[in-house]
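The entries below follow the order in which I went through it.

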Amino acid sequence: MTKHSHSESSMHRVPSSGAVEHGYPSGHLGHLTEHEEQALVDFKTLLEEKGLYQPGNLPSHDDPTLLRFLRARKFVPEDAYVQFSETDKFRKANQIDVLYDTIDIDSYEASRKLYPRFTGRRDKRGIPIYVFQIRHLDSHAVSKYEKSTETTYSRAKTDGKTPAKLLRLFALYENLTRFVQPLSSECTDRPHPETPITLSTNIVDISHVSLRMFWNLKAHMQAASQLATAHYPETLDRIFIIGAPMFFSTVWGWIKRWFDPVTVSKIFILQEHDVIPVLTTFMHLKDIPKHYGGELEWDFFDEPAWDEEINKVCQWENGHTAFPPGPLYWQPIDDGKRLECIAVGSKGETDRRERVCTITKAYPPKSTEGTLVSTTESQTADTLEGEETFGTPTEKPIINGEVPTANIAALSISESNQ
């Protein structure tokens, strides 16, 4: 990797808002203040009054989902309702659940090559680790992909305004919130095992990317960020950017304008000599790909290298010994005491729907109505799930467009080792 042009040994980052103010597990289920607990109760009441939430042992939307919208709006129920209702309208207008259920599997798999990919590993807090390699996204690859999205098969009707490429991206976010995060939540080899995982950690590799490529990717990156901000709040924890070219500090000033302030606040730009010291603060060496100095045999286009705990909790069925390609999601069975993994999508316009495996929930939902407990990741017709968040910076702002600065110690190391 090319060393950063700054000479300091410190890591560079933007002052944080949501990332620090609600650092995991603060603001998450089981770690709420009295004010936050009341906000959740009030939010449910407001949504129920508006016809957007149905309570019960298996409610229409689970507490972790609702808390994402509350964290994104600083636990102000009225503000969270605005974002929640807009997302609900968008999902219905584009039949997101139908899209995910019926999208062509080959098209879905092709989309995964242009966005962050799950490694199959989790960080020290149990949060799933994604890697995004930018160098493959030249203008030809992006153009070919965008053209292919125009003919993607699914049975979903759309609003006629949302570009097809964004709808494919929605399918990938559905996979994060309906498959990867619930699976990570059932792994108990982590701190706070009773707290559902609703975040992701991302390593973004920008090595071998030219100035022209950065500019050509502007629309691609902006669309992804805007989608996450608007409809998938609070599923991003940190972004570690590595392999920054010599010119990156110069272009950072305009690149950061592609993203909303809170997305920017979660970006950590690592110099070459900081990569392993910083990453191993948050991840075990065995879970970091070898390409970045770790021990994991995994490259960007590989399928997930499932860790031991994930393999241990799954009880395979119907001849499966691993998760198949294409969209997958978990749904509750046996009154929420277990989850079943369903493989969906379509092949040759024929829908697929088969059980892959089951998991016995480590913390099944309590039946007491109104208690603040985690229900299963129940996905009814209009369930919402999330990424990125709004907020107001709480630390010292950037001056003169400088690449964000902070010592490695400022990475909330104590939090990562909890």
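**Entry 1: α3 and α4**

I began with a helix pair: α3 passes α4 in a right-handed crossing. A crossing counts as right-handed if the near helix is turned clockwise from the far one by less than a right angle, and as left-handed if anticlockwise. Helices here are DSSP runs of H or I with at least four residues, strands are runs of E with at least two, and both are numbered from the N terminus. The model is predicted: local features need pLDDT of at least 70 and side-chain atom pairs pLDDT 80 or more, while totals for chains, interfaces and linings use all residues. Residues are numbered from 1 along each chain as its sequence is written, and side-chain values use heavy atoms, with hydrogens and water left out.

I then looked up the geometry of the pair. The axes of α3 (residues 63-72) and α4 (residues 77-94) come within 8 Å and cross at roughly 120°. Axes are lines fitted to C-alpha atoms, for helices over the stretch in contact, and angles run from 0 to 180 degrees between N-to-C directions. The angle makes α3 oblique to α4; under 35 degrees is roughly parallel, over 145 roughly antiparallel, 65 to 115 roughly perpendicular, and the rest oblique. Leu66, Phe69, Leu70 and Ala72 in α3 meet Pro77, Ala80, Gln83, Phe84 and Thr87 in α4, where contact means heavy atoms within 4.5 Å.

I checked burial next. Ten of the ten residues of α3 are buried, so the helix is largely enclosed by the rest of the structure. Buried means under 20% relative accessible area, exposed over 50%, and partly exposed in between, with a 1.4 Å probe and protein chains only. The buried residues of α3 include Asp63, Arg68 and Arg71. They pack against α2, α4, α8 and α10. After α3 comes Lys74, which has a positive phi near 55°.

In α2 (residues 34-49) I picked out Val41. Val41 counts as partly exposed because its relative accessibility is 33%. From Val41 to Pro77 I noted 36 residues in sequence and 9.1 Å between C-alpha atoms.

**Entry 2: α8 and the cores**

I turned to α8 and its packing with α10 (residues 218-231): the angle is about 55° and the axes are 11 Å apart. That makes α8 oblique to α10. The crossing of α8 past α10 is right-handed. On the α8 side, Leu166, Leu169, Phe170 and Tyr173 meet Ala223, Ala224, Leu227, Ala228 and His231 of α10.

Which residues have the most contacts inside the largest nonpolar core? They are Phe179, Leu183, Ile206, Phe248, Phe323 and Trp330, in a core of 86 residues. A nonpolar core is a set of buried Ala, Val, Leu, Ile, Met, Phe, Trp, Tyr and Cys residues joined through side-chain atoms within 4.5 Å. Helix α8 (residues 164-185) gives the most to this core, with eleven residues. Apart from this core lies another, of 15 residues, with Leu29, Ala39, Leu40 and Phe75 among them.

I listed the contacts of Phe179, leaving aside neighbours within four places in sequence: Glu174, Trp306, Phe323, Leu328, Tyr329, Trp330 and Cys341.

**Entry 3: the sheet**

I traced the strands that α8 lies across, which are β8, β9 and β12 (354-360); α8 runs at about 60° to β8. The sheet is open, with four strands in the order β7-β12-β9-β8 and antiparallel pairing. Two strands pair if DSSP finds at least two bridges between them. The edge strands, β7 (315-316) and β8, each pair on one side only.

I went along the sheet from β7. Two bridges join β7 to β12, and Gln315 has Thr358 in β12 as its bridge partner. Six bridges join β9 to β12, with Leu339 partnered by Ile359 in β12. Six bridges also join β8 to β9 (residues 338-343); here Gln331 stands opposite Glu340 and Pro332 stands opposite Leu339.

How many residues lie between β8 and β9 in their hairpin? There are four, and Asp334 in the turn has a positive phi of about 55°. Last, I checked the cover of β8 (residues 328-333): five of its six residues are buried.
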